[in-house]
Amino acid sequence: MPVSGEDRDLPGARIDWSLAAGVGRRLTRPGPRTTGYTLTTAREELTTLAARAEGPVRETTGLADGLPVPTASVLDRPEWIDAAARSMSAMLGGGTATSPGIAGRVGGIQAGGLLALLSGAILGQYDPFSPDPATGADGVLMLVTPNIIAVERSLKVVPSDFRFWVCLHEVTHRVQFSANPWLRSYMLDNIATISTENDESGAELAARVVGVLRSDKPREKGVLGAMQLLQTPEQYEAFTRLMMLGTLLEGHADHVMDAVGPLHVPTVDRIRSAFDQRRQRKQNPLQRVLRALIGMDAKLAQYIRGKAFVDEVVATVGMARFNAVWTGPDTLPRPEEIDTPRRWVDRVL
């Protein structure tokens with residue numbers, strides 16, 4: 001079983017997250033040109049739409065009925081960087097070291113560069129590791145206004161419809177975690193296992209990597225596959241569990257978007273078509289490298305595989321019986337079940 005993050009000396013504790021946030025804010029690019037009125041109106045509308053999305057999402061999923069509806073945090077890019085740095089610090093054990101030292105400052109600079117890169121790509125995010133500023137409860141929904149404006153302009157879609165469509169996806173994540181609090185600790189336990197340093201010698205590591213390369217064990221492509229090569233068996237298993245959970249969460253959110261959209265988003269077909277084309281458009285070599293480094297291609301695969309799994313199970317047994325997936329770790333789909341949903345149905349239901 002995974003070991004709690006409180007019992008581990010996690011590398012995140014040795015990163016200067018305050019420096020990371022500062023570097024990220026300095027490096028992030030400004031958002032699209034817009035008037036103060038347009039920006040303020042967009043922020044207010046996103047706050048309203050995030051609350052409005054809660055009802056149809058709960059009705060469609062059958063989750064979180066009766067729970068309070070939190071207020072979303074509507075942010076600009078520097079504000080998202082600050083929030084993400086706090087989240088990563090909490091998730092990776094930051095704040096436990098008395099002084100991060102030189103290595104911690106170097107790590108902070110590196111983390112800040114990554115946060116700056118991501119700050120221009122994130123439309124919305126549910127963060128289960130940070131407290132809601134309004135209630136103090138675990139979990140906060142974040143929407144990044146300049147990025148949403150930039151994408152809706154690029155896609156030439158109706159702004160209000162696109163904003164509500166984005167909110168449907170992110171609110172689904174909030175509902176997933178609100179209805180199933182065990183998901184947060186499950187993620188933390190697996191992250192702790194992955195992040196723990198091991199005492200292997202160079203020769204032991206090399207022997208294990210060669211053994212993995214010679215085996216027929218499936219591996220992710222690109223950088224994620226390289227990560228798996230360097231992981232111990234325990235870390236590999238924890239990594240796989242997190243990948244399967246992420247695939248389920250993203251696929252479920254995309255399923256809900258498509259189920260709710262036709263009833264509440266008049267131009268949903270146009271938005272879905274334009275957004276899918278954007279996801280799959282050709283990238284120049286530098287963009288392909290950056291996508292690989294931050295795992296964007298693996299993230300896209302999660303959306304596609306996860307949605308296909310949820311679509312098939314719900315079509316076969318209905319949403320109420322599908323919700324058995326949220327019972328606990330043992331009912332989450334296994335790697336061999338994601339692409340063959342019938343195997344999950346036969347095992348769990």
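## Starting at Thr145

Let's begin with one residue and its neighbours. Leaving aside residues up to four places away in sequence, Thr145 touches Leu39, Ala42, Arg43, Leu46, Val74 and Leu75. The model you are looking at is a predicted one.

Is Thr145 buried or exposed? Its relative accessibility is 0%, so Thr145 counts as buried; the cut-off for that label is under 20%. Thr145 lies in helix H5, which covers residues 145–155, and that helix leads us to its partner, H6.

## Helix H5 meets helix H6

Two packed helices are described by the angle between their axes and the distance between the axes. For H5 and H6, the axes come within 10 Å and cross at roughly 125 degrees. That angle makes H5 oblique to H6, and the crossing is right-handed.

Which residues make the contact? From H5 come Ile148, Ile149, Val151, Glu152 and Leu155, while H6 supplies Pro159, Phe162, Arg163 and Val166.

## A closer look at H6

Helix H6 runs over residues 159–179, which gives it 21 residues. From its first C-alpha to its last it reaches 30 Å, close to the 30 Å expected at 1.5 Å a residue. H6 is also mostly covered, with 17 of its 21 residues buried.

Phe162 takes part in the contact with H5, and its neighbours include Ile148, Val151, Glu152 and Leu155. Phe162 also touches Leu123, Val157, Ile271 and Phe275, again not counting residues up to four places away in sequence.

How many residues does the largest nonpolar core have? There are 77, and those with the most contacts inside this core are Phe162 and Phe322. The helix that gives the most to this core is H10 (residues 233–264), with ten residues.

## Another pair: H1 and H4

Helix H1 spans residues 17–27 and helix H4 spans residues 101–119. The two pack at an angle of about 40 degrees, and their axes are 7 Å apart. That angle makes H1 oblique to H4, with a right-handed crossing.

On the H1 side, the contact is made by Trp17, Leu19, Ala20, Val23, Gly24 and Leu27. On the H4 side, Arg105, Gly108, Ile109, Ala111, Gly112, Gly113, Leu115 and Ala116 take part.

Methods:
Residues are numbered from 1 along each chain as its sequence is written. This is a predicted model: local features need pLDDT of at least 70, side-chain atom pairs count only at pLDDT 80 or more; totals for chains, interfaces and linings use all residues. Side-chain values use heavy atoms; hydrogens and water are left out. Helices (H or I, at least four residues) and strands (E, at least two) are DSSP runs, numbered from the N terminus. The expected span of a helix is 1.5 Å times one less than its number of residues. Buried means under 20% relative accessible area, exposed over 50%, partly exposed in between (1.4 Å probe, protein chains only). A nonpolar core is a set of buried Ala, Val, Leu, Ile, Met, Phe, Trp, Tyr and Cys residues joined through side-chain atoms within 4.5 Å. Contact means heavy atoms within 4.5 Å. Axes are lines fitted to C-alpha atoms, for helices over the stretch in contact, and angles run from 0 to 180 degrees between N-to-C directions. Angles under 35 degrees count as roughly parallel, over 145 as roughly antiparallel, 65 to 115 as roughly perpendicular and the rest as oblique. A crossing is left-handed if the near helix is turned anticlockwise from the far one by less than a right angle, and right-handed if clockwise.
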